[in-house]
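Please look over the sequence and the model first.

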Amino acid sequence: MRNRYRLIRKRGVFYFHDTVTGVRESARTRDKKAAGELLFAKNQAAKQPALNVAMARAYLSGKSPELAKRSWQDVMDAKENDYKSDGQASTLKRWQKVCRSEPFQIIRSLPLIETEGEHFRKVLRHTKAGTSTNVWLRILHNYALDMGWLLAPVIAKKVWPKIQYKERRAIQEEEHRRIIEDVRNDLERRLYYELLWETGGSQSDIARLTADRIEWDQQVLLYRRMKTQNRGYEFAKIRIGSKLKSILEKLPTDGFLFPNLVRQSLEQRSKRFRLHCEALGIKGICLHSYRYAWAERARKADVPLRAAMEVLGHQSRA
């Protein structure tokens, strides 16, 4: 049988060339003998996959019985525990939801050592699989790799299906004003939307704001983002201008600024906003669109990048 892989040397480093897919993979060595041994192993694996799995299981059993028995359910549980220890409640909730989804049931009980690319493709081709399935499957796969629980990537990075995100856009000022007019009888919700417009904060961060975060003497609004509060990041910092001041003066002077909205879940607030938009015939926006709108206005006003990052609570220039 013809060997699937052949050895190529480039700039002193050896590579494996797949004659079927044309993909090249680094052998991560400059030693010809070591590269030759790895090449022999890869070709044997391609010729005798069943034997390869049996041999790998035997080697792993000698090193650690758990490695040979570990399934994707174990990876899901380990990642869930990480989210719990990090205090990322919203991310934890999304993780638990995706792990319960139908596409992920395909691999839940599958041993890691027996996983092939086709198993992942079945997950991604499932009728109920979408963009989030692709994103979370990558996270699951990379976590197993980082933990050393996988012998090699199930799917090479270059051949993962491309993630296709839905188009996102900022809310326009005219749309914002129409929504404000629509909720004029709900003072708390109207001020909430107004504060989102003025600050560009995330919907959860703004809903959880408390009066003690307003430093009137310094004319600054400070808060830690829920998304990064356990990573040692600095506070998001917003200078209080005349418009923001007029909004804050109408809110409670102690405790939560939005006592009713803070008790609602992210999904409940999002659904209510979506209903407002549908009633007004506004399409393509969500509560997060307020962040996009603030960022666009800041860019047009030539706000320094560092200042915009402080307001939005971003740690990366990207």
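This is a predicted model: local features need pLDDT of at least 70, side-chain atom pairs count only at pLDDT 80 or more; totals for chains, interfaces and linings use all residues.

Residues are numbered from 1 along each chain as its sequence is written, and side-chain values use heavy atoms, with hydrogens and water left out.

**Whole chain**

The protein chain holds 15 helices and six strands. Both are DSSP runs numbered from the N terminus: helices are H or I with at least four residues, strands are E with at least two. The chain has 318 residues, and 39% of them count as buried. Buried means under 20% relative accessible area, exposed over 50%, and partly exposed in between (1.4 Å probe, protein chains only). Among contacts with a separation of 6 or more, 55% join residues 24 or more positions apart. A contact means heavy atoms within 4.5 Å.

**Two helices**

The expected span is 1.5 Å times one less than the number of residues.

| Helix | Residues | End-to-end C-alpha span | Expected span |
|---|---|---|---|
| α8 | 16 residues (131-146) | 23 Å | 22 Å |

Helix α8 buries Thr133, Asn134, Trp136, Leu137, Leu140, His141, Tyr143 and Ala144. Their cover includes α4 (72-86), α5 (89-100), α6 (102-105) and α7 (117-125). Just after α8 comes Gly148, with a positive phi of about 80 degrees.

In α13, the buried residues are Arg269, Phe273, His276 and Cys277. Down the helix axis, the buried residues of α13 fall within an arc of 95 degrees, so they line one face. That arc is taken from the directions from the helix axis to the C-beta atoms. The buried residues of α13 pack against α9 (173-182), α10 (187-199), α11 (203-207) and α14 (289-300). Just after α13, Gly281 has a positive phi of about 75 degrees.

**Ala279**

Where does Ala279 lie? Ala279 is found in helix α13, residues 266-280. Ala279 is exposed, with a relative accessible area of 64%. Ala279 and Glu278 are exposed residues on the face of α13 turned away from its buried side. Ala279 and Asp182 are 97 residues apart in sequence, yet 9.2 Å apart in space, C-alpha to C-alpha.
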